[in-house]
Amino acid sequence: MPELPEAETIVRDLQRKVTGRTITGTKVMHPDILGTQLTPPRLSRALKGKSIQRVERRAKKVVLRLTDELVLVISLGMTGRVVASKAERARDLRHVAVRFDLDDGSALLYDDARRFGSIEVYTTERWQQRQTSLGVEPLSDDFTAERLVAMTRTSISPIRNWLLDQTRVSGVGNIYAAEALYRAGVRPTRRANTITRAEAARLRDALREVLIASIEARGTSISDYRDVDGVEGGFAARLYVYDRAGLPCLKCTTPIKRVVFTNRSAFYCPQCQK
DNA sequence: AACGCGCCCTGTCCGC
DNA sequence: TGCGGACAGGGCGCGT
């Protein structure tokens, strides 16, 4: 579920709420969301007494920088939520997998119905190493049209699949791939290496615009996504194509198409996207 | 090497 | 009301 804007929304809230807090305890209800090698006692031992120095985002991941060069990385999978225990809506959480107790008496809850998410602990060095397999951040200055063109030349994959591959551009998922391709006027089925320079320039701009607009709206809540206070994001109302199969295109009224490939739905306007 | 598939797991919705 | 199937913001490991 959560893509870059949802992770970014969670991170910004956590920066305010938990920066400077110390982890006093960890309770694991569903050990299967821990990374391989990591067991509940190991997690507990690693985190106890560590303070949260900074909260960052990398791709779709929530990254907590702790004292002693430790990095706590939360991948949200499809249904992962990070919710403050104080949030009134915390009562709605029916699938809490891990609870992090903090020194102010509050707690952070990781809730995940499908348990596709994961929680991992790295040293700063190992996290640095791990990040090398994640592609360029689409909101960074490094993400230029030139670079996008160069990266797509060697790929015969449909551009939608290409965008979902986190090793080239990171943070884009199925919703924002669909929305950016709509805004850029490019069909999701187009082979990456057939994207023209002009299309790549539009796609680069569209990706940044849609990601920024969604961050401003605090993310997209189709069904599961909630912020740290348990509140839905507002961007679902601003989607042009995602989850709008059969509904009229908001620019030309042509019915939006849904096609399935690589086991995932893609949505597009057959009139506006070529 | 790059690509697509199957699978991980639970919940919801829709047709019968 | 129950039941089966399709589907869901992700990503890993595998075979080709």
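Colleague: What does the accessible surface of chain A come to, and what share of it belongs to carbon and sulfur atoms?
Modeller: The accessible surface is about 12400 Å², and 47% of it belongs to carbon and sulfur atoms. Such areas come from the Shrake-Rupley method with a 1.4 Å probe, and for residues only the protein chains shown count as cover.

Colleague: What should I know before I read on?
Modeller: This is a predicted model, where local features need pLDDT of at least 70 and side-chain atom pairs count only at pLDDT 80 or more, while totals for chains, interfaces and linings use all residues. Residues are numbered from 1 along each chain as its sequence is written, chains are lettered from A and ligands numbered from 1 in the order in which they are written, and side-chain values use heavy atoms, leaving out hydrogens and water.

Colleague: How many helices and strands does chain A have?
Modeller: Seven helices and 10 strands. These are DSSP runs numbered from the N terminus: helices are H or I with at least four residues, strands are E with at least two.

Colleague: What is the radius of gyration of chain A, and what would a compact globule have?
Modeller: Chain A has 19 Å, which agrees with the value near 19 Å for a compact globule of 274 residues. The radius is taken over C-alpha atoms, and the globule rule is 2.2 Å times the number of residues to the power 0.38. Along the principal axes, the C-alpha atoms fill a box of roughly 55 × 35 × 30 Å.

Colleague: How much of chain A is buried?
Modeller: Buried residues make up 54% of the 274 residues. Buried means under 20% relative accessible area, exposed means over 50%, and partly exposed is in between (1.4 Å probe, protein chains only).

Colleague: Let's look at α7. What span should it have?
Modeller: Helix α7 covers residues 197–216, 20 residues in total, so at 1.5 Å a residue it should span 28 Å. Its end C-alpha atoms are 29 Å apart, which agrees. The expected span is 1.5 Å times one less than the number of residues.

Colleague: Which helices do its buried residues pack against?
Modeller: They pack against α1 (4–18), α4 (145–152), α5 (159–164) and α6 (174–184). Among the buried residues of α7 are L203, L207 and L211.

Colleague: What does L203 touch?
Modeller: Leaving aside neighbours within four places in sequence, L203 is in contact with L148, I159, L163, A180, L181 and A184. Contact means heavy atoms within 4.5 Å.

Colleague: Which residues touch the most other members of the largest nonpolar core?
Modeller: I159, W162, L163 and L203, out of 40 residues in that core. α4, α5, α6 and α7 each supply at least two residues of this core. A second, separate core of 33 residues includes L76, Y110, I119 and V121. A nonpolar core is a set of buried Ala, Val, Leu, Ile, Met, Phe, Trp, Tyr and Cys residues joined through side-chain atoms within 4.5 Å.

Colleague: Over to α1. How many of its residues are buried?
Modeller: 11 of its 15 residues, so α1 is mostly covered. D13 sits in this helix. At 4% relative accessibility, D13 counts as buried.

Colleague: Which side chain does D13 make a polar contact with?
Modeller: The side chain of R218, at 2.5 Å. A polar contact is a pair of N or O atoms within 3.5 Å; within protein, one must be able to donate a hydrogen and the other to accept it, and residues adjacent in sequence count only if both atoms are side-chain atoms.
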